[in-house]
Structure formats: C-alpha cells, structure tokens
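Here are some friendly notes to read alongside the model. Please keep the structure open as you go through the points.

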Amino acid sequence: MNLFTSVHDVTDIKQLVADALALKANPYAHNTLGKNKTLGLVFMNPSLRTRLSTQKAAMNLGMNVMVMNMDKDGWALETQDGVVMNGNTTEHIREAAAVMGQYCDILGLRSFPKLKDREEDYSEGFFNKFVQFCGVPVISLESATRHPLQSLADLITIVETNPVPIEQRAQGKKPKVVLAWAPHVKPLPQAVPNSFAEWMCKAQELHMIEFVIAQPEGFELADEFTKGAEIVHNLDHAITDADYVYVKNWSSYKEYGQILPYEGNWMMNNEKLGLTNNAKVMHCLPVRRDLELAAEILDGPNSLVIQEAGNRLWSAQAVLKALLENH
Ligand SMILES: CCC[C@H](NC(C)=O)C(=O)O
Ligand SMILES: NC(=O)OP(=O)(O)O
C-alpha cells in the first residue's frame, strides 16, 4: 500500500480488518516498525478523533509525529497553476507539499470540500495536487469526497459486534446495515456517507453484510459510491429488522451543498429503534444531540459510537503498519 484514500487502495478489506483487530489485541506488537520514521498530519479543517487516534497509532508503531494546522498556522495556499500570485495567497501548494515531504516519511491530509462547486470538490483537486507534489505516501484524514479511516473503523466495529450466530452465518445469514440520513442545521459534506457506502458495498460483495441506504428525495449520493446498495426514501421501512443503523447527515449532491426541504421524522429515536432487530446505532461523531440523533439512543445500550470512535485507533494503526511495511 502506497496511498490510503479509498477502499480501492485496499486489496483485501477482510485482511485489513483482521490486521486491525490483531493490533487491538496486541497494540505494541510492532512498536519498532516506525522507529526513526516521521508522520506529518496536515489539517485544513478541525478534528478531534482523526487528530488524536492517528497520532496515537503512529506512537504505538514507534513513529515520531508532527501536526500542522494549515488553516491556522500555515501560509495561505495557492492551488492554481499559471497564475501570478499577486492576490491573497502566499505560497503555492507545489512548494508547501514538497517541503512537508522533505520532513516526513508519511503525510496525512484533511481537506474538506467547499460545497460551492461540485465539479471542483469532486475532482479532489487540492488533495490530488498535495499527493502529486509531496513525494511521500499519503493517508486521507478526510478529503472532499471520502473518509476511509472512518469507514475502516466502521467496518471493524461491525465485524467485531456482528450479532448473527456463527451457525447462522454458515447458512448465509448476514447482518442488515442501514445508512440513515439525519437532519442538521448546516450543510455537511457527503464524504462520510460516500465512503461508508463504498466500504459497505464492498463488504456486501464479499457476503459480509446486507446494505440499505435511506435518505429523503433529493439527498441521493453519487452513483459511483452506492453501486449494489438498496436505496429507499422511507426511514421506517429501511430500518425494519436492521441490525445496524449508521446515522449521518449530509447535504444534497444533486442540488449541491444545499439543505433541501424534506418530509417526516428522520431523527433516530427509541421509538424508531423498536422497528429494528434491536439494532446497534453508529455515528462517526461529532454528533448534534437531539437534532441528528436522539440523546436517549446516545445514552442508551444500543449506541456503539464510543466503541466506533475507539476503533479509529486500530484503523489508523493497521493502515500506517501497511504503509511502513511497504517502504
Ligand atoms: C467526521 C465528520 C466531519 C464532518 N462533520 C462536520 C460537523 O463538519 C463531516 O460531516 O464530514
Ligand atoms: N469522525 C471523525 O473523523 O472525527 P473528527 O472530525 O473529530 O476527526
């Protein structure tokens, strides 16, 4: 592995999940693998989980870590080529990325979309230029269209908590996983749901799960991320007999970056939980309590959100281990 930006960078997701669970059982088994290697984490946007879990994962492997909040501490970056930099930008991404690659053996980058121009965001121009010019392996810390470290942690969580009895699995029974849109007051990226859908569709291909996406009309995700998923527009129908409900808000892809009007109650609560197969409820966090997801669920026995966040450490450590072993 030389790059970790999507499920397509992973040859065997089952093996990567197994590697992560092995690290969870024995966190310091490879604590010299990263000796004298430096991980640089570059944030264009805020972060709690990604920032802390990826630093800890690197330390567990013996790496040194540097963190740069480019949005606060770095120079204003120019990304266009062929322009005279006589405006508000101070440094071109060509130099900035290359210099960071001089100091670090592996770089991580977080670069959220602007949610103004769909073609610009979905071209992943900023992220791809950073990869092109930095000259070292790159891990996505969430880009404009994907969040693979989160999605790997989500799959780890589903695999380790799978409620289907072993004997029924042999007969082909699989857990039903539902990605459920939820309300919000701000337009959020499609990166987390795109990535979750992509990983779950792959897991469904491997007969690990059954996958359903539920969102109001107008909030459908781009087709490239949802191939194979059952797409529905009624939450109660979707979560009936579900084993996992993955709650997340996202803004419209079709009416790009917009919060469209929708009908009905789309916030998961204990009443809706009664329609499920005693489902475990997941959310990548940060979550807006009683807006996106009822506090009664977050504080109740069906919430997996803290275990899911804990698995971000093993997700990052498995990916960093794979990158280090390849260099
Ligand atoms: C991990 C989630 C990061 C971001 N969340 C917010 C609130 O911006 C998002 O929805 O993509
Ligand atoms: N889930 C997640 O990536 O959280 P942060 O944005 O806090 O890193």
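1. Asp71 itself is partly exposed, with a relative accessible area of 37%. A salt bridge here is a side-chain nitrogen of Lys or Arg within 4 Å of a carboxyl oxygen of Asp or Glu.

2. A word on what you are looking at: this is a predicted model, in which local features need pLDDT of at least 70 and side-chain atom pairs count only at pLDDT 80 or more, while totals for chains, interfaces and linings use all residues. Residues are numbered from 1 along each chain as its sequence is written, chains are lettered from A and ligands numbered from 1 in the order in which they are written, and side-chain values use heavy atoms, with hydrogens and water left out.

3. The whole structure holds 13 salt bridges. Among them, Glu142 pairs with Arg110, the closest N and O atoms being 3.6 Å apart. This pair links distant parts of the chain, with Glu142 in the loop between E7 and helix H7 (148–161) and Arg110 in strand E6, 32 residues apart. Both Glu142 and Arg110 are buried. Helices (H or I, at least four residues) and strands (E, at least two) are DSSP runs, numbered from the N terminus.

4. Lys272 and Asp236 also meet through their side chains, at 2.6 Å from N to O. Lys272 sits in helix H11 (residues 270–273) and Asp236 in helix H10 (residues 235–239), 36 residues apart. Lys272 counts as buried at 8% relative accessibility, whereas Asp236 is partly exposed at 32%. Elsewhere, Asp81, Arg94 and Lys129 are linked in a network of salt bridges.

5. Which residues of helix H4 are buried? In this helix (residues 93–103) they are Ile93, Ala96, Ala97, Met100 and Gly101. Seen down the axis of H4, they fall within an arc of 135 degrees, so they line one face of the helix; the arc is that of the directions from the helix axis to the C-beta atoms. On the other side of H4, Gln102 and Tyr103 are exposed. The buried residues pack against several elements, including strand E2 (38–43), strand E6 (106–110) and helix H6 (125–134), with contact meaning heavy atoms within 4.5 Å.

6. Ala98 is also in helix H4, and at 29% relative accessibility it counts as partly exposed. Leaving aside residues up to four places away in sequence, Ala98 touches Ile93, Phe133 and Cys134. Ala98 and Gly135 are 37 residues apart in sequence and 6.5 Å apart in space, C-alpha to C-alpha.

7. Finally, the domains: the assignment gives domain 1 (3–146 + 310–325) and domain 2 (149–308), with bounds from an automatic or database domain assignment. The contact takes 36 residues from domain 1 and 37 residues from domain 2. The two bury about 2,900 Å² between them, 65% of it on carbon and sulfur atoms; buried area is the accessible area (1.4 Å probe) that two parts lose on being put together, summed over both. In domain 1, Leu115, Arg118 and Tyr122 lose the most area to domain 2, together 23% of what that side buries. Across this interface there are 3 salt bridges.

Technical notes. Buried means under 20% relative accessible area, exposed over 50%, partly exposed in between (1.4 Å probe, protein chains only).
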